[in-house]
Each structure stands twice: as structure tokens, then as C-alpha cells.
Amino acid sequence: MLRSLVGSEMCIRDRIQVLVMLLFELTTVVLAPLFSTFVLDEACLRYYLSFDDSIRELFEVWDLAEQGFEAYRPGFCSRRLLSEFSYVWIMLALMSTFLEPTVSLVMSLPSARAMVTKIQSMMPGGLPKDDYALSLIHI
């Protein structure tokens with residue numbers, strides 16, 4: 001009874017860790033760059049004018065000092081967001097679609113597992129903790 005309770009607690013802990021890592025990755029890779037481009041870019045809301053009074057004054061002289069939704073240009077802003085971040089989204093989709101299943105499939109082969117075990121035995125400290133590529137093939 002105690003063993004299954006500990007196992008279920010570990011399972012819950014692992015799920016929480018995975019959800020936290022997923023949320024962190026979503027925030028850092030998708031939401032933060034989107035937000036910063038949308039808020040600070042010239043084609044979007046132009047809140048960068050709030051950071052320096054001399055720039056704001058110059059834009060006021062040119063009658064271009066609008067900020068927020070008055071400065072928003074829909075066609076330009078959406079194109080800017082797509083051109084800046086589409087490669088990141090495509091790469092993430094391709095990696096999760098092809099790389100992870102391929103590594104899992106290769107690691108299901110006994111010869112691949114034997115090779116990883118041999119490599120691990122040759123490394124004095126085992127697999128490095130910060131090497132993502134090697135952690136994918138960890139048994």
C-alpha cells in the first residue's frame with residue numbers, strides 16, 4: 001500500500017513538473033516575444049516612445065507620436081509578428097513532430113540501447129545533466 005502511494009505521489013509530482021516546464025516554454029518562446037513585439041514595435045502599439053522623452057518630442061514634431069491603439073496598423077503589425085516568429089513556431093512543430101518520436105523509435109531497438117549503455121559506461125560522470133541531445137537518448 002505504501003509503495004503505490006509513493007508511486008502515485010511521484011506521478012503527480014512529475015505531471016506538475018511537466019506542466020510547469022511546458023508553461024515556462026510557452027511563455028518564453030511564444031507569449032513574451034509576441035507581447036514585446038506587439039507592444040514595442042513601430043508597426044504595432046509603439047510604446048517604446050514612453051522610454052525616451054527626446055524621441056517622443058521628435059515624433060510629436062513630425063505628428064507621429066501616437067501610441068496604443070491609435071498607432072496600431074493592422075496589416076503591418078500582423079505581418080511583422082508573422083515574419084518575426086513564424087520560423088520559431090515552425091521549428092518547434094517540426095521538432096516535436098519528427099525528432100522526439102524518431103529518438104523514441106531508435107531507442108526501442110536493442111542495439112541502440114546497448115550502444116547508449118556502452119557510451120554511458122565510458123563516460124566517467126555519466127550523462128551530462130545539461131546536454132539536451134544526450135538526455136533524449138537516456139534510457
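Is Arg 46 buried or exposed? At 6% relative accessibility, Arg 46 counts as buried. The cut-offs here are under 20% relative accessible area for buried, over 50% for exposed, and partly exposed in between, with a 1.4 Å probe and protein chains only.

What you see is a predicted model, in which local features need pLDDT of at least 70 and side-chain atom pairs count only at pLDDT 80 or more, while totals for chains, interfaces and linings use all residues. Residues are numbered from 1 along each chain as its sequence is written, and side-chain values use heavy atoms, with hydrogens and water left out.

Confidence next. pLDDT is the predictor's confidence in each residue, on a scale from 0 to 100. The average for this protein is 77, and 81% of the residues score at least 70. Helix H2, residues 53-61, has the highest confidence, at a mean of 87, and helix H5, residues 132-136, has the lowest, at 51. Where pLDDT is low, the predicted coordinates should not be read in detail. When I say helix, I mean a DSSP run of H or I with at least four residues, numbered from the N terminus (strands would be E runs of at least two).

Now the covalent link. A disulfide is a covalent bond between the sulfur atoms of two cysteines. The rule applied here is a pair of cysteine sulfur atoms within 2.5 Å, and by that rule the count is one. The bond is between Cys 44 and Cys 77, with 2.0 Å from S to S. Its handedness is right-handed, with 100 degrees about the S-S bond.

Most residues other than glycine have a negative phi. Arg 46 is not a glycine, yet its phi is positive, about 55 degrees. Asp 63 also has a positive phi without being a glycine, at about 65 degrees. That aspartate is in the loop between H2 and H3 and is exposed, with a relative accessible area of 59%.

What does Arg 46 form a salt bridge with? The partner is Glu 66, and the closest N and O atoms are 3.3 Å apart. The two residues come from distant parts of the chain, 20 residues apart, with Arg 46 in the loop between H1 and H2 and Glu 66 in the loop between H2 and H3. Glu 66 is partly exposed, at 32% relative accessibility. For the term itself, a salt bridge needs a side-chain nitrogen of Lys or Arg within 4 Å of a carboxyl oxygen of Asp or Glu.

The structure holds two salt bridges. Another one joins Glu 60 and Arg 56, at 3.5 Å from N to O. Both of these residues lie in helix H2, four residues apart, which is about one turn of the helix. Glu 60 is partly exposed at 44%, and Arg 56 is partly exposed at 27%.

On to the rings. Rings of Phe, Tyr and Trp (its six-membered ring) pair if their centres lie within 6.5 Å; planes under 30 degrees apart are stacked, over 60 edge-to-face, and the rest tilted. The whole structure has four aromatic pairs. In one of them, Tyr 48 and Phe 59 have ring centres 6.4 Å apart and planes at 85 degrees, so the pair is edge-to-face. Tyr 48 is in the loop between H1 and H2 and Phe 59 is in helix H2, eleven residues apart. Phe 59 is buried, with a relative accessible area of 14%. Elsewhere, ring pairs link Phe 38, Phe 69 and Tyr 72 into a cluster.

Asp 41 belongs to the loop between H1 and H2 and is buried, at 14%.
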